[in-house]
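Reader: Please take me through the fold and overall dimensions of this chain, with the cut-offs behind each term.

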Amino acid sequence: MGVWKSLVDRMNDKREELQRKAVKKAARAALDTAGKTVDLAGKAIERAVFGKLDDDDAKKEPEPPPDPFARVKAAEAAKKERERDEKRRAKEEKARQSRVEEEVDADLAALKKRLGK
């Protein structure tokens, strides 16, 4: 019985510890949310009183510089697309030719059969 009691006690301790951690995490999240709300409210009041501030523009992240190889990448992508189209067209043409040849062979076989009778 002592083993079971110690297991139950450890499980209860672990559960209480997890509950405390969950409460702390929830409190931190609520505090962060409240802080952000207060900051936004303060900025809104500043804008209302003083107008638009230049600090807002400075905080925006600058746009990343354009990719110097964008033109090269676009050209390579277009080239690959053209090659795929050419391969597809060649494949379709080959399939069309084989169908035509099969039809011609079938017609020839039918004519030979008709003449052979």
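Reader: How many helices and strands does the protein chain have?

Author: The model is a predicted one, in which local features need pLDDT of at least 70, side-chain atom pairs count only at pLDDT 80 or more, and totals for chains, interfaces and linings use all residues. Residues are numbered from 1 along each chain as its sequence is written, and side-chain values use heavy atoms, with hydrogens and water left out. Helices (H or I, at least four residues) and strands (E, at least two) are taken as DSSP runs, numbered from the N terminus. From that end the elements run α-α-α, and the totals are three helices and zero strands.

Reader: What is the radius of gyration of the protein chain?

Author: The radius is taken over C-alpha atoms, and the globule rule is 2.2 Å times the number of residues to the power 0.38. The C-alpha atoms fill a box of roughly 100 × 70 × 25 Å along the principal axes. A compact globule of 117 residues would come near 13 Å, whereas the protein chain has 38 Å.

Reader: How far apart are the end C-alpha atoms of helix α1?

Author: The expected span of a helix is 1.5 Å times one less than its number of residues. Helix α1 covers residues 2-50, and its 49 residues should therefore span 72 Å, which agrees with end C-alpha atoms that are 71 Å apart.

Reader: Is lysine 52 buried or exposed?

Author: Lysine 52 lies in the loop between α1 and α2 (54-59). Buried means under 20% relative accessible area, exposed over 50%, and partly exposed in between (1.4 Å probe, protein chains only). Because its relative accessibility is 63%, lysine 52 counts as exposed.
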